Amino acid sequence: MADQTTGRTTDRTAFQEYLTGYDRILSDVSVTGRRLTRDELDSRRRLGEQAAEDGHGLRALVSRHLTATRAAWPVSSAGAASADSVLAAVEQAVDAFAEGYERAQRIAVRREEASRREFIDDLLHGRSDLGRLAERAGRFGLQLSHAHAVAVAVGEAAYAETDPVTRSIELALVSRFGDRHILLTTKDGRLICVAPADQGDVLTYFAKQAHAATDGGRVAIGRAHPGAGGVVQSYEEALNAHDLADRMGLDEPVLRADDLLVYPVLTRDREALTDLVRSALGPLKEARGGAGPLLETLRVYFDAGCVSAEAARRLNLSVRALTYRLERIHKLTGSDPAEPFHRYTLQTAVIGARLLDWPAKDF
């Protein structure tokens, strides 16, 4: 019995501090029938804000207001206000309380969003002390003591964290993998997923979902690297893969930095690459129409595996016309695209020309 009594007492006193002055308001309104004053409404709002900041649920707080209303309901008398007046005052009080509660929640959400955005900016650009960054990461589901890889998706539109596309991908990831220390976010309109290195299936699935949700957008996946600095490195690799795809005209929906390592090697010595392009392909500028058409012929020929029939089909040419172009290239450059050693030199030079945007940018 004692326990039951204690339980009822606790229930009656729960949240009492957030109802301070409420019984007095009800008592006064029950006599006068007046509406709440501005000061009374402000006091309700402040109490609502405090309750939200203390982490209490609004539903339970409203229920406690109704319980207090029943307990303080005025007994009918000749001078008592109508029930409508009392209920109107209750509505005002609860509405003001909820307004303050919701305002505090909005402020808390904005602060959390700002904190998350600051963390993401620091994470992807390495602008914070790495030790401090690792401490903050746990709050957002990452363990930066492990290696991570980053995938970046780009579509026709710019995406924000609140967009339906972002939310649909997040829901798909959570439904499939649950809590696997995954971070899904956006940066500069791009969709970004950070996942532990030993969970490559997460980024593969993200790439599939993002490609579909962005109506055919492209996804690039950086290599896995350890520590907080590794996230920055993987993110930059993914961005560089997108830039490379734009320059090279790569149309694969998913690019992996692992598969593109030859391109940084080529661009590391820009002077040597420039000399190769100038020496191997420069003579093509003497052709009628300039170097462009013959350079495109070489690109398509190599992309088709040096199969003349397939290259001719892709170029909308007859095999005879393609053969003529290849012979013209041989005559101008001295290199035969069909001969293995010459082919390697020409193909490397063609890749270099695309990286250097030659012949649009001459040198």
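This is a predicted model: local features need pLDDT of at least 70, side-chain atom pairs count only at pLDDT 80 or more; totals for chains, interfaces and linings use all residues.
From α11, show Arg 270, Leu 273, Thr 274, Leu 276, Val 277, Ala 280 and Leu 281. Their counterparts in α15 are Thr 345, Leu 346, Thr 348, Ala 349, Val 350, Gly 352, Ala 353, Leu 355 and Leu 356. Sorted by class, the contact of α11 with α15 comprises 11 nonpolar, 4 polar and 1 charged residues.

Thr 274 belongs to helix α11, which covers residues 270–281. Is Thr 274 buried or exposed? Its relative accessibility is 13%, and buried means under 20%, so Thr 274 counts as buried. Leaving aside residues up to four places away in sequence, Thr 274 touches Leu 356 and Phe 363.

On the α12 side, the contact is made by Leu 295, Leu 298, Arg 299, Phe 302 and Asp 303. On the α15 side, select Arg 343, Leu 346, Gln 347, Val 350, Ala 353 and Arg 354. By class, the contact of α12 with α15 has 6 nonpolar, 1 polar and 4 charged residues.

The tour now turns to aromatic rings. A pair of such rings is described by the distance of the centres and the angle of the planes. The model holds 3 aromatic pairs. For one of them, select Phe 177 and Tyr 205. Their ring centres are 5.5 Å apart and their planes lie at 80°, so the pair is edge-to-face. Phe 177 is in helix α7 (residues 164–177) and Tyr 205 in helix α8 (residues 200–213), so the pair ties together parts that are 28 residues apart in sequence. Both Phe 177 and Tyr 205 are buried.

Then select Tyr 301 and Phe 302, whose ring centres are 5.8 Å apart with planes at 55°, so this pair is tilted. Tyr 301 has 5% relative accessibility and therefore counts as buried; Phe 302, at 8%, counts as buried as well.

What sits over the ring of Tyr 205? The charged end of Arg 176 is found there, 4.5 Å from the centre of the ring.

Technical notes: Residues are numbered from 1 along each chain as its sequence is written. Side-chain values use heavy atoms; hydrogens and water are left out. Rings of Phe, Tyr and Trp (its six-membered ring) pair if their centres lie within 6.5 Å; planes under 30 degrees apart count as stacked, over 60 as edge-to-face and the rest as tilted. Helices (H or I, at least four residues) and strands (E, at least two) are DSSP runs, numbered from the N terminus. Buried means under 20% relative accessible area, exposed over 50%, partly exposed in between (1.4 Å probe, protein chains only). A charge sits over a ring if NZ of Lys or CZ of Arg is within 6 Å of the ring centre and within 35 degrees of the ring normal. Contact means heavy atoms within 4.5 Å. Ala, Val, Leu, Ile, Met, Phe, Trp, Tyr, Cys and Pro count as nonpolar, Asp, Glu, Lys and Arg as charged, and the others, Gly among them, as polar.
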